[in-house]
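Here's a quick briefing to read alongside the model. Have the viewer open and follow along.

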Amino acid sequence: MNDPVRAPLTPSQQSLVEKFRGRQLLALSRCISLVENHRPGFESVLEELHDGVGSARRVGVTGPPGAGKSTITAALARTYRDRGLTVGIIAVDPSSPFTGGALLGDRVRMDDLATTEGIFIRSMASRGSHGGLAAATREAADLLDAFGFDRVLLETVGVGQSELEVASSADSTLVVLVPESGDWIQAMKAGLMEVADLFTVNKADRPGADRLKKEIEVVLALRTGSAPGHVPGHHGVDLSSIVAAQAAAGTPGPESASGAGTSDAAGEWAVPVLKCVASTGEGVLEIAAGLDSHFAWLESTGRLESNRRAQAMEHARLVLER
């Protein structure tokens, strides 16, 4: 019986799907272009390939402009390749409000990976989208997933507090900051603090890295209602008595949140805060390990399935609105 909703694939689309399933990279690129440009029949192609979606781990990389997101994305990709994993990367660049064009500079920064076997990089222009990703980023990630990549990395534009869309497109969200961020952490408290599954202070060889790391830990502690025992009190308040009371009661503070990145006493994910120098690779292995720990926690608690179901429902709503 014919599907009453989905239009049948044209011969050219059927040929494209067959080449895609044959793992031809050119077919993958053409499928992404088909979806990105909303060409006729793109929904049918997506539905035809949807049965292959769900095996890849998706990692969102976000943070302010100049934090080194592209460098960390490239370093993570190399780390995964060293493990024998395949990596698909979607790097979103801002579009000009005047011409509509995009420089696609993120691709330039990762140019040394372009010829690496097992790594596929696709640049996308935001095209006016204000959530940090392009309108078709989720569909492109689905295609990378269906193609068989083990890891899918989503690098956002880098616009700051409004860049929350990545949380509904990735399993784990890595927020990248640098010592020069300064008081940006204050503006971030109501934004990325809620979506970050792991923080990293990049360019940690610069002055102020330790201070920024402690500031993030304090904000995390205040948000979760626990007192940081190894960092100064917020605005100079001495928290030692609170820490002592917690220790006597057997309640863990956020030291675990800034270290191992495991679950806390309530079973919630304790967000780790790490340091790295992505340009040299220092600390990247720890970031990869933290992301692995978060994914393991998602699986063990059942959050992975529920999160992906909620993301699919949200995406369906956005598609209907679009």
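Residues are numbered from 1 along each chain as its sequence is written, and side-chain values use heavy atoms, with hydrogens and water left out.

**Confidence**

- The chain averages a pLDDT of 79, and 71% of the residues score at least 70.
- Helices (H or I, at least four residues) and strands (E, at least two) are DSSP runs, numbered from the N terminus.
- Over residues 96-102 the pLDDT is below 50, and this stretch has seven contacts in the model beyond near neighbours in sequence. Contact here means heavy atoms within 4.5 Å.
- Residues 231-260 also stay under 50 in pLDDT, and the model has 45 contacts for them beyond four places in sequence.
- Where pLDDT is low, the predicted coordinates should not be read in detail.

**The chain as a whole**

- There are eleven helices and seven strands.
- Of the 322 residues, 48% count as buried. Buried means under 20% relative accessible area, exposed over 50%, and partly exposed in between (1.4 Å probe, protein chains only).
- Take the contacts between residues at least 6 apart in sequence: 72% of them join residues at least 24 apart.
- The accessible surface comes to about 15200 Å², with 54% of that belonging to carbon and sulfur atoms. These areas come from the Shrake-Rupley method with a 1.4 Å probe, and for residues only the protein chains shown count as cover.

**Nonpolar cores**

- A nonpolar core is a set of buried Ala, Val, Leu, Ile, Met, Phe, Trp, Tyr and Cys residues joined through side-chain atoms within 4.5 Å.
- The largest one has 30 residues, and F20, L28, I90, L143 and L144 have the most contacts inside it.
- Elements giving two or more residues to this core include helix 1 (11-21), helix 3 (42-49), strand 2 (87-93), strand 3 (119-125) and helix 6 (137-147). Helix 2 gives the most, with six residues.
- Setting aside neighbours within four places in sequence, L144 is in contact with L28, I32, G88, I89, I90, F120, F149 and V152.
- A second, separate core has 29 residues, among them L174, C276, A278 and V284.

- Seven of the seven residues of strand 3 are buried, so the strand is largely enclosed by the rest of the structure. I119, I121, S123 and A125 point one way, and F120, R122 and M124 the other.
- Strand 2 and strand 3 pair in the parallel sense over seven bridges; pairing needs at least two bridges found by DSSP. S123 of strand 3 is the bridge partner of A91.
- Helix 3 is largely enclosed too, because six of its eight residues are buried: F42, S44, V45, L46, E48 and L49. Their cover includes helix 1, helix 2 and helix 6.

**Two loop residues to check**

- R23, in the loop between helix 1 and helix 2, has a positive phi of about 60° although it is not a glycine. R23 is partly exposed, at 45% relative accessible area.
- H38, in the loop between helix 2 and helix 3, has a positive phi of about 55° and is not a glycine either. At 35% relative accessibility, H38 counts as partly exposed.

Note on methods: This is a predicted model: local features need pLDDT of at least 70, side-chain atom pairs count only at pLDDT 80 or more; totals for chains, interfaces and linings use all residues. pLDDT is the predictor's confidence in each residue, from 0 to 100.
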